[in-house]
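Good morning. Please have a look at the slide, and I will then go through the chain piece by piece.

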Amino acid sequence: ITPRCFKRFLSLWNVVLSGMMGLCSVMTITNIDEANDTDDLFVSLYNFIFAFLLCSYEVTKYFPYPTLHNMLRRYFGFLFFSFSRSTYLVFCAFLQFGLNAPGSCKESDDDACVGDKDVNNNWLGIMTGLCLLLEALLVVGVQFKSPHMLKEEAKQELPPGQPPGGDLEVSSPPV
């Protein structure tokens, strides 16, 4: 497998996962039935924002939009490096496990929930979280085993102010 093919696969997979994240968020928001479910609402909104962030990062690689790309580089530069992006994916994965999409039971009404609903334990959120964890582990493993597979990505998309080779030119002060 070539590095270019591997990176394209990861990009497409990230777009699919961000769609799944957004779907989990929408399902959780539509599942809110009481005024005291504000924690579910906020977790869903954060999850939706994180899904949009991941999707927009991947989409700007193939459909250049300079304003969005520069904003992502400036404020979310961690997405441009494999280790920090893997950490972001792990964070998003654990956020998925906390969603309350249809098919899941709340802790407060376990007995009533089992009798009334088909309990699937938030299967979409769990599957999305597991896929995000799997991708994060895959990227870290590839980075350690075959660093050339992901090396060009960081060189091409450096955050602003970062020199290409990582070398900082130090000039001596005027005498």
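How many helices and how many strands does the protein chain have? There are seven helices and zero strands, where helices (H or I, at least four residues) and strands (E, at least two) are DSSP runs, numbered from the N terminus. Read along the sequence, the pattern is α-α-α-α-α-α-α.

A word on conventions. This is a predicted model, in which local features need pLDDT of at least 70 and side-chain atom pairs count only at pLDDT 80 or more, while totals for chains, interfaces and linings use all residues. Residues are numbered from 1 along each chain as its sequence is written, and side-chain values use heavy atoms, with hydrogens and water left out.

Some totals next. The protein chain has 175 residues, of which 37% count as buried; buried means under 20% relative accessible area, exposed over 50%, and partly exposed in between, with a 1.4 Å probe and protein chains only. Of the contacts between residues at least 6 apart in sequence, 72% join residues at least 24 apart, contact meaning heavy atoms within 4.5 Å.

Which residues of the largest nonpolar core touch the most other members? That core has 18 residues, and the ones in question are M21, F50, Y88, C92 and L132. A nonpolar core here is a set of buried Ala, Val, Leu, Ile, Met, Phe, Trp, Tyr and Cys residues joined through side-chain atoms within 4.5 Å. Two or more residues of this core come from each of α1, α2 (38–62), α4 (82–97) and α6 (123–145). Leaving out residues up to four places away in sequence, C92 touches M21, F50 and L132. There is also a second, separate core of six residues, including F6, V139, V142 and L150.

α2 has 25 residues, which should span 36 Å at 1.5 Å a residue, and its end C-alpha atoms are 37 Å apart, which agrees. The expected span is 1.5 Å times one less than the number of residues. For α6, the 23 residues should span 33 Å, and the ends are 32 Å apart by C-alpha atoms, again in agreement. The buried residues of α6 include L132, V139 and V142. In α2 the buried residues include D40, N47, F50 and E58.

E58 deserves a separate look.

Next, the packing of α2 on α4. Two packed helices are described by the angle between their axes and the distance between the axes. The axes of α2 and α4 come within 10 Å and cross at roughly 145°; axes are lines fitted to C-alpha atoms, for helices over the stretch in contact, and angles run from 0 to 180 degrees between N-to-C directions. This crossing is left-handed, that is, the near helix is turned anticlockwise from the far one by less than a right angle, with clockwise being right-handed. On the α2 side the meeting residues include V43, F50 and Y57, and on the α4 side they include R85, Y88 and C92.

Aromatics. Rings of Phe, Tyr and Trp (its six-membered ring) pair if their centres lie within 6.5 Å; planes under 30 degrees apart count as stacked, over 60 as edge-to-face and the rest as tilted. The count comes to nine aromatic pairs. F9 and W13 form a stacked pair, with 6.4 Å centre to centre and 10° between the planes. Why are F9 and W13 separated by about one helical turn? Because they are four residues apart in helix α1. F9 is partly exposed at 44%, and W13 is partly exposed at 27%. Elsewhere, Y46, F50, F76, F78, Y88 and F91 form one aromatic cluster.

Last, the ends of α1 (residues 3–31). K7 is in α1 and counts as buried at 15% relative accessible area. K7 and L150 are 143 residues apart in sequence and 7.3 Å apart in space, C-alpha to C-alpha. N31, also in α1, is buried at 17%; N31 and N100 are 69 residues apart in sequence and 7.4 Å apart in space by the C-alpha atoms. I32 is in the loop between α1 and α2 and is partly exposed at 26%. The contacts of I32, setting aside neighbours within four places in sequence, are D37, D40 and L41.
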